[in-house]
Amino acid sequence: MPLTGIEIFKLLPKTNCGECGVPTCLAFAMNLASGKAELSACPYVTEEAKANLEEASAPPILPVTIGVGPEAPKVGGETVMFRHEKRFENPPALAILISDTMAEAEVKARLDKCLQLQYERVGLTLKPDLVALKADSGDTHKFETLVNQAKVSGCRLILMSENPDILAAGLKAGADQKPLLYAATEGNLDRVAGLARENSCPVAVKASGPEGLAQLTEKLTAAGIRNIVLDSGARTVRQALEDQVIIRSAALNKKFRPLGFPTITFPAEMTDDPMKEAVIASMFIAKYAGIIVLSDFRGESLFPLLVESMNIFTDPQRPLSTTEGIYEINNPSENSPVLITSNFSLTYFIISGEIENSKIPSWLLVKDTEGLSVLTSWAAGKFSADIIAPFVKKCGVMDKVKHQKLVIPGYLAAESGGLEEELPGWEILVGPREGAHIPAYLKTWQP
Amino acid sequence: MAFEIPKTTYNGKIKEIKLGKGDKAVTIGGESSYPFYLFESEMPHLPRIAMDVYDCPPVEWAEAALEPFAGVTDDPVAWAQKCLKDYGAEMICLQLLSTDPNGLDRGADEAAEVVKKVAEAIDTPLIVWGTANHDKDTEVLRRVAEVCQDKNLILGPVEEGDHKKIGAAAIGYHHTVIASTPIDINLAKQLNILLGNLGVPDELLVMDPTVSGIGYGIEYAYSVMERMRMAALTQQDEKLQFPIICNIAKETWKTKETKISESENPKMGDAKKRGILLEAMSAMTMLLAGGDVLIMRHPEAIKLVREMIAELTKA
């Protein structure tokens, strides 16, 4: 049974030094108990306490970092089966396959995609994380060359071969990058485990099904290796989903440590059709993959996958918000309408999308309402006339337009009188309640 | 450590609902596990896909979404027949966009005549979707129910604000009701209770939790549907044991992300494939949360999702 926060607290130094990132040992103990912190964050814990705590305080699914540096993706660390129970923690890392049999130009093009296909959305940068370097040639020298080339690009790496000699050649070039070694199997376990330990790299294990995986991970953990990623070997859609669910459930619901690690999945090996591959990947985003290996990165599939991932991994308790400010839509002029809305990101997306659809050049003012929607923020007193008026005056829109008209959301109709008092000379127009009615509304708007 | 496959304990089951009539009627629901958790329990009826047909020519659709229906978009009967014949549709959803009071504002009689023509021209189940304007939907869907009596239509969205009148018409003329609520499990349950109190029998009820596409709040629908399934299957919440219908195509194709051209933003890739994938991936996500009927549009997106359903349930 896992220890409670109080039980853990008794084993900590109780110095409240704060070096772990939280102010008190008690708070740190509580975080350990709920799987939100790792014991290694405490520099002063005694070896004895460590041994006692390690087993009990480890999160049910260990977080594993692939690569080095601030950009290195962390996968795993999940604590729930359903996102509404708390939240999903670490979005899956997307990887692009690169084979050592590919021409150099193709390799370069793929490395470039991994670095360049990035998308800005609600102030976040959505991007893929990994390149999976596959030793198809069987030639150690070729693989080493490929790893060198990839390493220089700055991408984080997965080294793919079941031949320990080839993995060793790859490590010769890229050990300092702490790549994920894929994969340890029943046949090569000791040697690949040795490589992982010597180079302190994370290692993926591949077996047939969850039970086979558990046998291998027990051997690895006995050898002191903890940074493990699981491949259940399934390459059919049904079996792969089933394995993902069983692995997650065994780790969380049964506290079955041998499966308490993130998973790696291979849509790239499940179909030859890039469209279908993308839909399979979309399944793995919702259902529990830690790493998703794709045959290629294409904008038309990578973008939807990254956005889906951002959506599913949004904390249900903390809605995403958009930056406060003036948004120019369809190249507005000094005679274009001025609309205001809240900074709940969904509100922003819907309103800005509808204005774009209308093709009417407009100024959209987004007020910081702490990420709440129009109606919720208004009900909470965060979107009333006395808050809106100073924002309209300060934000600078008054220098951008010649007219003095402000369109407010239909749900804020009750604020129109107050706003006319607070913004002398301005005419307050009550817009539609629903975003969908904005295009029709804007078409009738006159400066 | 000995390994044992962990299994969820289920104590509930989704009701089996028959949609349409005759040889092409389909039965949905009946599942007693989370979606596609076939190692735990069963899903006797596969999720179904209904194809979108509009009762007036679409405006501002992405080119990719119009292309498969070239030549029929001004004729809902021909459009529906094309979906059946060329794309193997198992169901049709006729969207009564023309009745929108903020748009064409077509009258109830005229709209109902179009529904009747489509219903008579096809033998698959027909979903009829209004504009979510309570007054107008009451008028239109009541008329549709009457004109198409004995056609066993599936009528929606039926919301708390108009459930009495539309619900009564559905009972009277024997149509299925789509109980529609704004992404809220409690409101969904409450509306099901209200419709039950009104006299809508269980076998004429399906739920619409209000869905949205990738990038536009799909996570809200996803979690509400997961909670509904959890309550229905593991907490014996009978008032949530109804199949779920997801009107997903129009939510994905109306977004700007389906319309941006590759030349405008090369990083977004091919616009047609992107639109198809946004629809297919949104639909896939809804399936994993518990969707029993997906209302979809692009034949290639439908094909992808059909393949996924087949593979997820392959013995």
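The contact between the two chains, counted where heavy atoms lie within 4.5 Å, takes 50 residues from chain B and 60 residues from chain A. Together, chain B and chain A bury about 5100 Å², of which 67% is on carbon and sulfur atoms; buried area is the accessible area (1.4 Å probe) that two parts lose on being put together, summed over both. Between chain B and chain A the count is 5 salt bridges, a salt bridge being a side-chain nitrogen of Lys or Arg within 4 Å of a carboxyl oxygen of Asp or Glu. The side chains of A:K287 and B:E226 form a salt bridge, at 3.7 Å from N to O.

This is a predicted model, in which local features need pLDDT of at least 70 and side-chain atom pairs count only at pLDDT 80 or more, whereas totals for chains, interfaces and linings use all residues. Residues are numbered from 1 along each chain as its sequence is written, chains are lettered from A in the order in which they are written, and side-chain values use heavy atoms, with hydrogens and water left out.

Chain A is divided into domain 1 (5-57), domain 2 (64-312) and domain 3 (325-442), with bounds that come from an automatic or database domain assignment. The C-alpha centres of domain 1 and domain 3 of chain A lie 48 Å apart.

The largest nonpolar core has 203 residues, and those with the most contacts inside it include A:V131, A:L133 and B:I92. Such a core is a set of buried Ala, Val, Leu, Ile, Met, Phe, Trp, Tyr and Cys residues joined through side-chain atoms within 4.5 Å; buried means under 20% relative accessible area, exposed over 50%, and partly exposed in between (1.4 Å probe, protein chains only). Helix 9 of chain B (residues 271-289) gives the most to this core, with 11 residues. Helices are DSSP runs (H or I, at least four residues), numbered from the N terminus. From chain A, the core draws at least three residues from each of domain 2 and domain 3. Leaving aside residues up to four places away in sequence, B:I92 touches B:A50, B:M51 and B:L126, among others.

Helix 12 of chain A (residues 345-358) reaches 20 Å from its first C-alpha to its last, close to the 20 Å expected at 1.5 Å a residue, where the expected span is 1.5 Å times one less than the number of residues. Of the 14 residues in helix 12 of chain A, 12 are buried, including A:Y348, A:F349 and A:E354. Just after this helix, A:K359 takes a positive phi of about 65°.

Note on methods
Helices (H or I, at least four residues) and strands (E, at least two) are DSSP runs, numbered from the N terminus.
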